Amino acid sequence: MTFSATDHEAMSRALVLAAHGLHTATPNPRVGCVLVRDGRIVGEGWHQRTGTAHAEVVALKMAGAEARGATAYVTLEPCSHHGRTPPCADGLIDAGIVRVVAAMDDPNPVVSGRGMQRLRASGIVTETGLLEAHARELNIGFISRMTRGRPWVRLKTAGTLDGKSALNNGVSQWITGPAARRDGHRWRARACAILTGIGTVRDDDPRLTVRDMPCERQPLRVLVDSRLEVASAAAILEGGNCLIATAIHDPAKAAALTSVGAEIVILPNADGKVDLPELLQELGRRGINELHVEAGSKLNGSLLREDCVDELLCYVAPMIVGNSAQGLFDLPELVGLDRAWRLDIGDMRMLGPDLRILARLRQN
């Protein structure tokens, strides 16, 4: 299928608009829409947050009567079902749109293919696949939840050039500089939830909130705590919005934690630890699209071993601290390189003196 320069320009604009919902649209996908008639944009919009108008509705309202005869460029297939809002496919039909170009099909099985089919049945020309790779990246978490039932897991590390996260005495502030730390908060902000382990909470007492940037929505905080060891005064519990995953049933401890606003789920595995794959499924059921991990070496290693990591967000500081310092991943010794976790590096850039690497676990 061949798309024109005008098509590419309009869809590029729609993707820019969709990115405005990067921090707010969850659990819905990030969607942008541009309406073009006679070579000019007559309407545009994006989905801001759950319960508000979808991108197509915003664009149609802006265009008014000029929508009739226009082409709609949408970063995701228009919905065809009644949810919190009416079907966008029907809105496009009623407005007199003559052509709809979607970057990708909707992975939601309730919608997938049905939106475009409804448009075609009404005589509207439909085309799919324009800048699809860009659209998929924008909604990689939503796609993961719709197709796998679990969020896209991005594990963040901050370490030295020799792969250490802290000195042997636990000192780690600050390995990376201010620019890298600010960037880390931007990645927190786009996530639906932030996960850590009891070891990190005990050692560092983090809040795990988004700071250093405007943010109208704080991600859910998720704590892996097999034995419910977290203190009710821990910073991660401040203000509620915290889910604790544990492996034990302890009514007394649970009551103390729920009294300060925490929610508890019991997900034991055969070893008496938290069942991490099942935790991801639970988060998927709760509408979590992207999960951002900031944990210690033990939980990092467990997540890797149990195939619970999709992507690594690594900040590397230009310093060497020696072999006795703490590592990034607690993993068993390998006897051959064929057993190593292989990565595909997608992006590298400098943030002040530090290097940021974005890499994906290679699928076997």
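Helix H6 (residues 140-148) lies across strand S6 (152-160), strand S12 (290-293) and S16, and runs at about 130 degrees to S6. Helix H11 (residues 297-305) packs on the sheet too, touching S6, strand S8 (193-197), strand S9 (220-224), S12 and S16, and its direction makes about 115 degrees with that of S8. Touching here means heavy atoms within 4.5 Å. Axes are lines fitted to C-alpha atoms, for helices over the stretch in contact, with angles from 0 to 180 degrees between N-to-C directions. Helices (H or I, at least four residues) and strands (E, at least two) are DSSP runs, numbered from the N terminus.

This is a predicted model, where local features need pLDDT of at least 70 and side-chain atom pairs count only at pLDDT 80 or more, while totals for chains, interfaces and linings use all residues. Residues are numbered from 1 along each chain as its sequence is written, and side-chain values use heavy atoms, with hydrogens and water left out.

## The nine-stranded sheet itself

The open sheet of nine strands goes S11-S10-S9-S8-S12-S6-S13-S16-S15, with mixed pairing; two strands pair if DSSP finds at least two bridges between them. At its edges sit strand S11 (262-266) and strand S15 (343-351), each pairing on one side only. On average, neighbouring strands are turned by 20 degrees against each other, direction ignored.

Strand S13 (residues 311-317) pairs with strand S16 (residues 354-361) in the antiparallel sense, over six bridges. Leu312 stands opposite Ala359 in S16.

## The five-stranded sheet

There's also an open sheet of five strands, in the order S2-S1-S3-S4-S5, again with mixed pairing. Strand S2 (40-46) and strand S5 (125-128) each have a single partner strand, so one side of each has no neighbour in the sheet. The twist averages 15 degrees from one strand to the next.

Strand S3 (residues 71-74) and strand S4 (residues 99-102) run parallel, paired over four bridges, and Thr71 has Arg99 in S4 as its bridge partner. Helix H4 (residues 114-121) lies across S4 and S5, at about 155 degrees to S5.

## Helix H7

Helix H7 (residues 178-190) has 13 residues and spans 19 Å from its first C-alpha to its last, close to the 18 Å expected at 1.5 Å a residue (1.5 Å times one less than the number of residues). Its buried residues (under 20% relative accessible area, 1.4 Å probe, protein chains only) are Ala180, Asp183, Gly184, His185, Trp187, Arg188, Ala189 and Arg190.

Technical notes:
Buried < 20%, exposed > 50% of the residue type's maximum accessible area, 1.4 Å probe, protein only.
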